[in-house]
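User: I have a model open and would like to talk it through with you. Could you take my questions as they come?

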Amino acid sequence: MSQGLAGYVIRRLLWTVPVIVAISILVFLLLRLAPQDPIDSLLGQRYDEEIAQRLRAKYGYDRPLHIQYLKYVQNLFQGDLGVSTRHGDFSVAEVIVPKIRVSAGMNVMAMILVFGLGIPVGVYAALVRGSFLDPLIIGFWLLIDSIPVFVSAVVAPWLFALQLGWVDLTYEGVLHPNIILPVFVMSLPGVAGVARLMRASVIQVSNEEYVRTARAKGLRERTVVVSHVVRNALLPMVTAIGLSLPGLFTGSLFVELLFGIPGIARESLQAVLGFDFDVVLGLVLFGSVLFVLANILIDIAYGFIDPRIRITAARGA
Amino acid sequence: MSTVVAPLETGDLGTRPAPRYRFLRELVRKKIAMVAIFLITIFYLAGILAPWVSTSDPNYQRLTIEERLDTPSSVHWFGTDGAGRDLYSRVVYSARTTLIFTLVVILTGSLVLGLSLGLLAGYRGGYVDAAIMRVGEVLSGVPTLLLMLAISAAFRTRLNDVAFWLKDNTFLGDDARAIVPFLIIVGAALPFAWIGSARIVRSQVLAIREQEYVLAAETIGASTTRLLVRHVFPGVLPIFLVGISASMAGIAGGEIALSYLGLGVDPSTPSFGTLLGNAGGVRTFQEYPHMLLVSGIPIILFFFSWNLLGDALVDIVEPRTYRR
């Protein structure tokens, strides 16, 4: 297995490198060719041509584009993501790491909630299929899924903080109880997707021969459902969980904006609006690499969980 | 999703309907799907007929104390906003913005790009396939909203120059100011709009091209174009529609999110994004709840309908996992 697996991972990584290089060049050009640069937004009303020229020379923005890009890549390989012009030349890592921690903390809670609710809901809907309960349950969660965050992030605080007074709205850190409301607002819309996936998976597994065999040999219904059906139906969840991993580090923009949480998504928005070249590029690259890694992890995980699936280099990239 | 679905009658083969109509017949049998289609139709009709069903110019401002932030009444059905604009008319025109945006993105992104790239990848295979799918994979991995924001922000700074140039030099006239930002957000959505449908189409093509009737057609010398158009495409179509209805809420949501942040359509163009943005935060909602409700409820129903329709369509296309 190790030989085939190593070959597979290497092939995928090799395919990924040119695509990520292409994306980095595109985003780089997109930012540099825009008629505005970080110096414009930094100086704003106090724009002075002479100062601007000196600042551009300092950051190297006055040099030809390909030199700038090569310089960026050179620094990147030394682990240097550049500096943030909006944050007095703090390095990109210094700016984004604390914000990523905040977002990741919230997202871990949200993810536990999404899967912790979605999986049982999906199993239950599958078990009661054929009755009115199944479409009712799925329909309910689809309705929750249909409420845009910028509506729920206004109505929920109004209801639970202003009317009922159960929570406060100030941000006091990720581990403070005040975080409960934003975590619920950002996770509940995701339950429908997980529930539908789980439901479909349970129904598919229920039709398998070995489930019929388990029933035929007289196992209790509970045992059949728990250890034969649900156990195997959880397999597609590996993909769902794996694909949601990169999201842990990118945050939820509207929740962070409307609840005033200093997370990475809010930072991203401000970086884009301030044309903070290195921060935007760093975030895009970070997100892309995480996604690729998550996909490879999923494939490897399948190999371990399900012995029927063998990854070979021949399967192709 | 009716409560109990009877198993398909398979005994009498002679009366079985042509498979082409099976999709439609089953759709009509599903009550929830029909309700969803009904709501979507109303939404789109409101958008198409906006100039006729609106009661006022959506941008006409009434800056008197009586008419600003007015609650719903017989004159202003949905009330008025902070600038005294009639919210009912603004909602109707917002539906129009959503309609045009989703139509343009679906036609160009999902249909033209997604379908052709998916057919190409599935039918050609090899490096073409690998290249297309890898690009899609990485594109679906970059933080979508962040990149959409970057594209939108990068092109916006020259927006006025372009708009004025278009106004002076083309037939567009005053519409130029609305069209340019609109094109920018379409451009920001396109790189992501093709991925889902290309993936669906590709996997369907891979399955269908191994079917005997396709192999038979190939054997008797049907051309690639004929194979794709006559044999592969009709088989792909139902699941392609499922994909579109599933991605609809996301596409419409992209425009709304960008407009909410002020990076979407021109401020003079009514959009659910700007409406919800104006409806503001918790305090505004407490004082003037009608602003958020009248713009929020239509868009929730719109998303809900597409989600329900998508769910029902999956039922029809993949009966194995759903009906039992």
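Analyst: What follows is a conversation about this model, which is a predicted one.

User: Let's start with chain B: how many helices and strands does it have?

Analyst: Chain B has 14 helices and zero strands, and its pattern read along the sequence is accordingly written α-α-α-α-α-α-α-α-α-α-α-α-α-α. The C-alpha trace of chain B spans about 75 × 50 × 35 Å along its principal axes.

User: At what angle do α6 and α8 of chain B cross?

Analyst: Helix α6 of chain B, residues 144-156, and helix α8 of chain B, residues 176-208, cross at roughly 145°, and their axes come within 9 Å. The crossing of α6(B) and α8(B) is right-handed.

User: And which residues make that contact?

Analyst: From α6(B) the contact takes Thr144(B), Leu147(B), Met148(B), Ile151(B), Ser152(B), Phe155(B) and Arg156(B), while α8(B) contributes Pro181(B), Ile184(B), Ile185(B), Ala188(B), Ala189(B), Pro191(B) and Phe192(B). Sorted by class, the residues of this contact between α6(B) and α8(B) are 11 nonpolar, two polar and one charged.

User: Staying in chain B, where is His231(B), and what does it touch?

Analyst: His231(B) sits in helix α10 of chain B, which covers residues 224-260. Once neighbours within four places in sequence are set aside, His231(B) is in contact with Ile208(B), Tyr213(B), Val214(B), Ala217(B) and Arg226(B). As for Val205(B), it is 26 residues from His231(B) in sequence, with a C-alpha to C-alpha separation of 9.9 Å in space.

User: Switching to the interface, how much do chain A and chain B bury between them?

Analyst: Chain A and chain B bury about 4,800 Å² between them, and 76% of that is on carbon and sulfur atoms. On the side of chain A, the residues that lose the most area to chain B are Trp15(A), Leu30(A) and Phe150(A), which together account for 12% of what that side buries. In terms of residues in contact, 57 of chain A meet 53 of chain B.

User: What about salt bridges and polar contacts there, how many are counted between chain A and chain B?

Analyst: Between chain A and chain B the count is one salt bridge, and the side chains of Arg196(A) and Asp311(B) meet in a salt bridge at 2.9 Å, N to O. Three residue pairs are in polar contact between chain A and chain B, counting pairs with both residues at pLDDT 80 or more.

User: Which helices of chain A supply at least two residues of that side?

Analyst: Those helices of chain A are α1 (2-33), α6 (133-145), α7 (149-163), α8 (180-206), α12 (253-259), α13 (264-273) and α14 (277-305), each of them supplying at least two residues of the side that touches chain B. That side of chain A has 37 nonpolar, 15 polar and five charged residues.

User: Over all chains, how many salt bridges does a search find?

Analyst: A search of the whole structure finds 13 salt bridges over all chains. Among them, the side chains of Asp40(A) and Arg56(A) meet at 3.4 Å, N to O. Because Asp40(A) lies in helix α2 of chain A (residues 38-43) and Arg56(A) in helix α3 of chain A (residues 49-59), this pair ties together parts that are 16 residues apart in sequence.

User: Last one: how far apart are the axes of α5(A) and α8(A)?

Analyst: The axes of helix α5 of chain A, residues 92-127, and α8(A) are 6 Å apart, and the two helices pack at an angle of about 35°. The crossing in which α5(A) passes α8(A) is right-handed, and the contact between α5(A) and α8(A) has 23 nonpolar, five polar and one charged residues.

How values were computed:
Residues are numbered from 1 along each chain as its sequence is written. Chains are lettered from A and ligands numbered from 1 in the order in which they are written. This is a predicted model: local features need pLDDT of at least 70, side-chain atom pairs count only at pLDDT 80 or more; totals for chains, interfaces and linings use all residues. Side-chain values use heavy atoms; hydrogens and water are left out. Axes are lines fitted to C-alpha atoms, for helices over the stretch in contact, and angles run from 0 to 180 degrees between N-to-C directions. Helices (H or I, at least four residues) and strands (E, at least two) are DSSP runs, numbered from the N terminus. A crossing is left-handed if the near helix is turned anticlockwise from the far one by less than a right angle, and right-handed if clockwise. Contact means heavy atoms within 4.5 Å. Ala, Val, Leu, Ile, Met, Phe, Trp, Tyr, Cys and Pro count as nonpolar, Asp, Glu, Lys and Arg as charged, and the others, Gly among them, as polar. Buried area is the accessible area (1.4 Å probe) that two parts lose on being put together, summed over both. A salt bridge is a side-chain nitrogen of Lys or Arg within 4 Å of a carboxyl oxygen of Asp or Glu. A polar contact is a pair of N or O atoms within 3.5 Å; within protein, one must be able to donate a hydrogen and the other to accept it, and residues adjacent in sequence count only if both atoms are side-chain atoms.
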